[in-house]
Amino acid sequence: MKILLTGANGMLGSAIAEQLAKTSHSLLATGKGELRHNQLIFNEKSNYASMDITDEIASKHLIDAFNPDAIIHSAAMTQVDDCELNKERCYSINTQSTIELIHSAKEVNAAFHFISTDFVFSGDDGPYVETDQTAPVNYYGKTKELAEQYLIQSGLDWSIIRTVLLYGKTDHIKRSNFIYWVRDNLVERKPIKVVNDQIRTPTYIPDLAKGIIEVVERQAKGIYHISGDEIMTPYQMAIEVARYLELDEQLITPVDATTFSQPGMRPQRTGFKIKKALDELGYTPTAFKSALAEIFS
Ligand SMILES: NC(=O)c1ccc[n+]([C@@H]2O[C@H](COP(=O)([O-])OP(=O)(O)OC[C@H]3O[C@@H](n4cnc5c(N)ncnc54)[C@H](OP(=O)(O)O)[C@@H]3O)[C@@H](O)[C@H]2O)c1
């Protein structure tokens, strides 16, 4: 299969590219600017190209030339507060560019796999199943919801893979994640305040990458919720990190989200029920403690 990936410099995109480069698929991994990490092993079947998804014409040319069977669209403006403060840019990257990529996919008849988020939900009543009603509480979630809605009525073969709070071994890329933030602060003996009134089902990045590749290979269609299966608050995650690394958990104070004033509101109770992914994709999430062992091994 010929697969074009967007966002290959990102936390998730780099993991997808890394796994796909080890398969027999032909991969064109794309990202904004140069390839920024050296973990990717490219070979005669996988390549990297610079593609800014807001450049409609250049993106269309690249897609036409590669003529993929499937597009995995992982690129996005992902920082919730930046989206709230720069709505025009957030809409341009997350909604408008996705619409344009869908048009390009249509021209080459490629299946379109869109990576979306738990932040399309209100957070009033999670964990959520695929058929639950979306109702985002921040602009980031709104732009992802609008892109989902456009894709659903596009007439293409499509999937929407929603996920939750990613963590994993990402030392080699620009953006770190929560696990490392906790470790680094505790190592420096800096006290941290961590939210304990939001629930999530944190997602181990290699599990998600594998789940996404399953969707693509099985040519599965529709919405899939792919995350971990343990309901945790960020505070509980931080405590697990401290215990695993034998750092001082007394430095971690549980707080309510109201402690922080952030431009973008966070949904309170999200997380997913993942029965559909377990049943249809053979998806098996790694337990949080086992994932920590892999990350810090
Ligand atoms: N992280 C989470 O907890 C989480 C939770 C739920 C859903 N998701 C979804 O998962 C997907 C991957 O997220 P992630 O955590 O891997 O985020 P990330 O590390 O921020 O990666 C997103 C990538 O998109 C790229 N990008 C931004 N604007 C672009 C443009 N105009 N053209 C081309 N590429 C562009 C970024 O490029 P630069 O690196 O050059 O800026 C970045 O590499 C996103 O669709 C996100 O909505 C993430």
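**Notes on the interface between domain 1 and domain 2**

1. Domain 1 and domain 2 bury about 2,700 Å² between them, and 62% of that area is on carbon and sulfur atoms. Within domain 1, Met 11, Pro 202 and Tyr 204 lose the most area to domain 2, together accounting for 25% of what that side buries. Please keep in mind that this is a predicted model.

2. Here is how the two parts are laid out. The domain assignment gives domain 1 as 2-166 + 202-225, while domain 2 is made up of 167-200 + 230-270 + 282-295. Their C-alpha centres are 24 Å apart. On the domain 1 side, 36 residues are in contact with 32 residues of domain 2.

3. One salt bridge is counted between domain 1 and domain 2. Asp 81 forms a salt bridge with Arg 266, with 2.6 Å between the closest N and O atoms.

4. Which elements supply the side of domain 1 that touches domain 2? Helix 1 (11-20), helix 3 (80-85), strand 9 (203-204) and helix 7 (205-217) each provide at least two residues. Helix 3 gives the most, with four residues.

5. As for the make-up of that side of domain 1, its residues divide into 14 nonpolar, 13 polar and nine charged.

Terms used. Residues numbered from 1 in each chain as written. Predicted model: local features only at pLDDT ≥ 70, side-chain atom pairs only at ≥ 80, totals over all residues. Heavy atoms only, no water. Domains from an automatic or database assignment. Contact = heavy atoms within 4.5 Å. Buried area = accessible area lost by both parts, 1.4 Å probe. Salt bridge = Lys/Arg side-chain N within 4 Å of Asp/Glu carboxyl O. Nonpolar A, V, L, I, M, F, W, Y, C, P; charged D, E, K, R; others polar.
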